[in-house]
Amino acid sequence: MWKPNFYVLVISMSALMLAACGESEGDSPEATASLSNDPIEIEYWYAFGDKIGENNEALVEQFNEVQDDIIVTAHYQGNYEDLHSQTQASIAAGNAPHVTLNEIASMGAFAEAGMTEDLTSYIEEDNIDLNDFVEGLMGNSYIGEGIYGLPYLRSTPILYVNKTMMEEAGLDSSGPETWEEFEEYARALTNDEGGVGMTMPVNIWFYEAFVKQSGGSVLNDDETEATFNEAPGVAAVEFIQRMYNEGTIKVPTGDEAGQVALQDFTNQNAGMVFSSTADLTNYLSIAEEAGFEVNTAFMPQNEQYGTPTGGANLVMVSGHPDEEKKAAWEFIKWMTEPEQTVTASTNTGYLPMRESAIESEEMQSLYEQVPQYKVAVDQLEYAGPRPLNANYAEAQNILNDAITSALIEDNQTPQEALDEAAERINSLLK
């Protein structure tokens, strides 16, 4: 996934050296030539710890071992929000990293503000086969006419079910396929001891999926106007509201809402949970320790299956000298190679973002041994990009509050809450 290849060019010999030392995508890092006595040092900032952090640190260590021209130092920066705000601050202060992660819905904001580099010329120079990247994961890489990032740790939301609880309740442990079945499962798993079908915080990523499943979208095609207050978006809130009012799902709020959902599933107080495929290795480990089995399934369909993609792309931060940009590109290129794709997917549960990685013997063997890994890959057939409007991050907060108000405060109907949010968001988008 990661590919080191770096050249420090003497001006008078630049044309000659580029012809002699140019490296194709298939070349090994050991083949990299360097005219510098000292390696170039660059920084890579990433989000999330645990197995995801371990994967980042291990791959960086491997990159540093397989070539001598570049030294990458990795730094953990918290969650995506923390990473983005600290990256912005570091750019303003003039001490930014060379490579970082952009959560895919933030790609537009960073690119349009000039904080990240267009990678198109690097991609073309090294003949990177963009067709090998999974089509459903490339949508958030394109900003205008440029390519501002390559898929790295990418995901979709999937449904995790407690197989043991399903079987005890007489349910099909492969999970519900439709909204109607999902409601039936939630009822069957709810009991007088406080157990519920699912603990589900208000989450815009999940909401985007529900809207898509009803044949709609949260924004119009050019992302200048909200469309979540049309029938599909209203139906999504009414779907959640119906189960919440019935008491078959729990909707925690606040900063710890996601942790509450994890704990309820861990303690078997909830039989189902929506979460990222990136959480797969963690959920498998939790289930083993807690003494139950876990299955994965598509998010249920309404009129159709549908899900947004998620996760992050690797991006090059602007403002560095050319030789450091070249080093940053070599790191990005290596990190997104098929071999490193297999490693990252196996270690975390994130999607393999290269077709050749999916078809590799290693991944096919993993899918056969642990079929829970393959569900998110199969669901990509119904996946699409997230909005790229630079103001969508702020819009999400408004929409999140509107949905929460309709569900918890019950002082507005879903239609009223979404209409009010749409009016506020439209001024942002334009």
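Asp378 counts as partly exposed, at 32% relative accessibility. In this predicted model, the side chain of Asp378 meets that of Lys374 in a salt bridge, with 2.7 Å from N to O. Both residues lie in helix H16 (residues 374-379). They are four residues apart, about one turn of the helix. Lys374 is also partly exposed, with a relative accessible area of 30%. Side chains of opposite charge can pair when their charged atoms come close.

The structure holds 13 salt bridges. One of them joins Glu208 to Arg386, with the closest N and O atoms 2.8 Å apart. This pair links distant parts of the chain, 178 residues apart. Glu208 sits in helix H8 (residues 204-213). Arg386 sits in the loop between strand S14 (383-384) and helix H17 (392-409). Glu208 has a relative accessible area of 8%, so the residue is buried. Arg386 is buried because its relative accessibility is 7%, under the 20% limit.

Lys250 and Asp264 form another salt bridge, the closest N and O atoms being 3.0 Å apart. Here strand S9 holds Lys250 and helix H10 holds Asp264, 14 residues apart. Lys250 is partly exposed at 35% relative accessibility, whereas Asp264 is buried at 9%. Salt bridges also form a network, which links Asp126, Lys326, Glu330 and Lys333.

Strand S9 belongs to an open sheet of five strands. The order is S9-S8-S10-S7-S11, and the pairing is mixed. S9 and strand S11 (294-297) stand at the edges. Each has a single partner strand, so one side of each is left without a neighbour in the sheet. Strands of a sheet pair through backbone hydrogen bonds, either parallel or antiparallel.

Both senses occur in this mixed sheet. Strand S7 (residues 157-162) and strand S10 (residues 270-276) run antiparallel and are joined by five bridges. Within this pairing, Tyr160 stands opposite Val273 of S10. Strand S8 (residues 196-199) pairs with S10 in the parallel sense, over two bridges. S8 and S9 also run parallel, joined by two bridges. Met198 has Met272 as its bridge partner in S10, and Met198 stands opposite Ile249 in S9.

Charge also gathers on the surface. Glu81, Asp82, Asp255 and Glu256 form a patch of negative charge there. Glu256 lies in the loop between strand S9 (249-250) and helix H10 (257-266). At 53% relative accessibility, Glu256 is exposed, because exposed means over 50%.

Conventions: Residues are numbered from 1 along each chain as its sequence is written. This is a predicted model: local features need pLDDT of at least 70, side-chain atom pairs count only at pLDDT 80 or more; totals for chains, interfaces and linings use all residues. Side-chain values use heavy atoms; hydrogens and water are left out. Patches are made of residues with over 30% relative accessible area and no salt bridge: like charges are joined within 9 Å, nonpolar side chains (Val, Leu, Ile, Met, Phe, Trp, Tyr) within 5 Å. Accessible areas come from the Shrake-Rupley method with a 1.4 Å probe; for residues, only the protein chains shown count as cover. A salt bridge is a side-chain nitrogen of Lys or Arg within 4 Å of a carboxyl oxygen of Asp or Glu. Lys and Arg count as positive and Asp and Glu as negative; His and the chain ends are not counted. The place of a charge is taken as NZ of Lys, CZ of Arg, CG of Asp or CD of Glu. Buried means under 20% relative accessible area, exposed over 50%, partly exposed in between (1.4 Å probe, protein chains only). Two strands pair if DSSP finds at least two bridges between them.
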